Amino acid sequence: MDGAVVPDPRRRLPGRGAWLHPVPECLDRAERRSAFPRAFRAGGPLDTARVRVHIDTVNGARETPGSGIEGSKVDPS
């Protein structure tokens, strides 16, 4: 999918990656600051919907806040 940022929690996808804490506030801030296009050296805006779904899933799966889930690498596709 061109122009989309995809989560890579296993850190196995090829290419450039960007690190992001798996919390919605960090994703919101990265979007406001246009961090993904800079990190991936992309020419325009990128779709972060799949990353948002991943973060929501990870946070919904947590039994307690701050349960030790490390940041996920994301990769543009």
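This is a predicted model: local features need pLDDT of at least 70, side-chain atom pairs count only at pLDDT 80 or more; totals for chains, interfaces and linings use all residues.

Is Asp28 buried, partly exposed or exposed? Its relative accessible area is 30%, so Asp28 counts as partly exposed.

Arg52 and Asp28 form a salt bridge, and their closest N and O atoms are 2.9 Å apart. The two residues sit in distant parts of the chain: Asp28 belongs to helix α1 (residues 24-32), Arg52 belongs to helix α3 (residues 49-61), and 24 residues separate them. Why can such a pair form at all? Side chains of opposite charge can pair when their charged atoms come close. Arg52 has a relative accessible area of 26%, so this residue is partly exposed too.

Keep Arg52 on screen and select Glu31 next. Here is another salt bridge: the closest N and O atoms of Glu31 and Arg52 lie 2.8 Å apart. Glu31 is in helix α1 and Arg52 in helix α3, so this pair ties together parts that are 21 residues apart in sequence. Glu31 has 32% relative accessibility, so it counts as partly exposed. Show Asp28, Glu31 and Arg52 together, and you have one network, joined by salt bridges that share partners. How many salt bridges does the structure hold? The count is two.

Next stop: the surface. Select Arg29, Arg32, Arg33 and Arg38, which gather there in a patch of positive charge. Zoom in on Arg38, a residue of helix α2 (residues 35-39). With a relative accessibility of 54%, Arg38 counts as exposed, because the cut-off for that word is over 50%.

Time to zoom out and switch to a cartoon view. In what order do the elements come? Going from the N terminus, you pass β-β-α-α-α-β. That gives the protein chain three helices and three strands.

Now look at how the chain meets itself. Among contacts with a separation of 6 or more, 76% are between residues 24 or more positions apart.

The accessible surface of the protein chain is about 5100 Å², and carbon and sulfur atoms account for 51% of that. What share of the 77 residues is buried? Buried residues make up 30% of them.

Methods
Residues are numbered from 1 along each chain as its sequence is written. Side-chain values use heavy atoms; hydrogens and water are left out. Patches are made of residues with over 30% relative accessible area and no salt bridge: like charges are joined within 9 Å, nonpolar side chains (Val, Leu, Ile, Met, Phe, Trp, Tyr) within 5 Å. Accessible areas come from the Shrake-Rupley method with a 1.4 Å probe; for residues, only the protein chains shown count as cover. A salt bridge is a side-chain nitrogen of Lys or Arg within 4 Å of a carboxyl oxygen of Asp or Glu. Lys and Arg count as positive and Asp and Glu as negative; His and the chain ends are not counted. The place of a charge is taken as NZ of Lys, CZ of Arg, CG of Asp or CD of Glu. Helices (H or I, at least four residues) and strands (E, at least two) are DSSP runs, numbered from the N terminus. Buried means under 20% relative accessible area, exposed over 50%, partly exposed in between (1.4 Å probe, protein chains only). Contact means heavy atoms within 4.5 Å.
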